[in-house]
Amino acid sequence: MAEIAVASHPIDAVLRRDRLPHIWCPGCGIGAVMACYARAILESGIPLDKHICVSGIGCSARVPGYMNLDTYHTTHGRAIPFATGLKLVNPELQVTVFSGDGDLFAIGGNHFIHAARRNIDINVFCVNNFNYGMTGGQAGPTTPMGSFTTTTPYGNVEPPFNLAALAAACGAVFVARWTALHVRQAQEAMQRAMQKKGFAFVEIVAPCPVSFGKSNDIGEGVDEMWMYRKQCVVNDDADVTKIDVTMGKEAELVVGNFLDIERPAYMGYGKEVLGEA
Amino acid sequence: MAEALLRRPLDGATVHIPRGQVFIIPDRCKGCDFCIDFCPRDVLVESQTTNTKGYHYPVVAPGKDGECANCQFCTIICPEYAIYTEEAQDSPEANPPLAEVSQ
């Protein structure tokens, strides 16, 4: 049984086929993460017209352009406020913010903190590739110390954010970290995030071979995937404050669904105080 | 005789090991090798020819016909949505019974 050449794929049902192939580089992990999101949508049991995908600016923020849903590509860093407005106006919607680490944690860092604090009922899926890939590989708030980027030619001297710890500390009710290799687990985490009432955060570490892998002696996208394969440790009970991503050659990369708690979501407050509109 | 001594699960006769059929959309592939490297049964290799973009897309390796177990890992890890598997038409219903194997 040799392979059979065909023209369409099962997840084309939620993709804008006329936009494919997408702009991401060979070896980039964003496509695999978008496939997780597409499959999570198909298996969520929620009608497609209730799913909303919002993004800011960046490589990962191109995802809404390829999803055949109601999608919004907003200004840099402002995906979360936009999503907050959508959710407040129409609480029936399943609002997902899908963006990158720079957009969500540098330009939009304050919005993330306060949306988590308020426990807005949205899902935030962050593709973390440790740099600003679209603009040429500059260092960002998640660039590991010592990493070489175009703006840190002698190695990054700033300590990076630990996104899982940040989300947990700010009040998120569901926090997970997976990699672009852990596609099944990432998809399951996304489905759990969709079911969760409150601010759910899933970080997906993904290779950026052109802007990050090449200058940090990691190699191609598939080499970074092998790095995840060898160095990832699944530990759902890990202390989120102690699981920084260092991307060291021998360092453990702890992944898992770290936090799943209950806390009143912001959505449950309006009608009690204001009554029916 | 040697096969008769192999340990087999007690429910081996009832376990269904599916066989997959690989489908490929060659022109979507960008040659990242994720599917080839991470196929648990090493079913895939790079093609000899290239697609319209100049990449070597995955094909079933010589001699690996019927090895795909339809785990669908390639389906969900492919960043280009260029490969998927489905259960093959002639997928076996169950393993051969123990008695048949030992003969």
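Predicted model: local features only at pLDDT ≥ 70, side-chain atom pairs only at ≥ 80, totals over all residues.
Biologist: Which residue in β3(A) is the bridge partner of A:Val54?
Modeller: Residues are numbered from 1 along each chain as its sequence is written, and chains are lettered from A and ligands numbered from 1 in the order written. Strands β2(A) and β3 (residues 70–73) of chain A run parallel with four bridges, and two strands pair if DSSP finds at least two bridges between them. In β3(A), A:Val54 has as its partner A:Tyr72.

Biologist: And on β4(A), which residue partners A:His51?
Modeller: Strand β4 covers residues 94–100 of chain A, runs parallel to β2(A) and is joined to it by four bridges. (Strands are DSSP runs of E, at least two residues; helices are runs of H or I, at least four; both are numbered from the N terminus.) The β4(A) partner of A:His51 is A:Gln94.

Biologist: How many residues of strand β2 of chain A are buried?
Modeller: Buried means under 20% relative accessible area, exposed over 50%, and partly exposed in between, with a 1.4 Å probe and protein chains only. A:His51, A:Cys53 and A:Ser55 point one way, A:Ile52 and A:Val54 the other, and all are buried. In a regular strand, side chains alternate between the two faces of the sheet. The strand is largely enclosed by the rest of the structure, because the buried count is five of the five.

Biologist: What volume has the largest cavity?
Modeller: A cavity is a set of points, on a 1 Å grid over the protein atoms alone, where a 1.4 Å probe fits but cannot get out. Its volume is the space filled by probe spheres set on the points, which are joined across faces, edges and corners. The whole structure has four cavities of 30 Å³ or more, and the largest holds about 140 Å³.

Biologist: Which helix gives the most to the lining of that largest cavity?
Modeller: Lining residues have an atom within 4 Å of a point. There are 19 of them, with B:Cys29, B:Gly31, B:Cys32, B:Cys35 and B:Cys78 nearest the centre. With three residues, the top contributor is helix α2 (residues 34–38) of chain B.

Biologist: Which helix gives the most to the second largest cavity's lining?
Modeller: That cavity has about 60 Å³ of space. Its lining includes A:Met227, A:Tyr228 and A:Gln231. The biggest share, three residues, comes from chain A's helix α9 (residues 221–231).

Biologist: What share of the residues in chain B is buried?
Modeller: Chain B has four helices and four strands, running α-β-α-β-β-α-β-α from the N terminus. Of its 103 residues, the buried share is 43%.

Biologist: Is A:Asp236 buried or partly exposed?
Modeller: A:Asp236 is found in the loop between β10 (232–234) and β11 (253–260) of chain A. Leaving aside neighbours within four places in sequence, A:Asp236 is in contact (heavy atoms within 4.5 Å) with A:Gly256, A:Asn257 and A:Phe258. The relative accessibility of A:Asp236 is 36%, so the residue counts as partly exposed.

Conventions
Heavy atoms only, no water. 1 Å grid on protein atoms, 1.4 Å probe; cavity = no way out; pocket = protein on both sides within 12 Å on 5 of 7 lines; lining within 4 Å.
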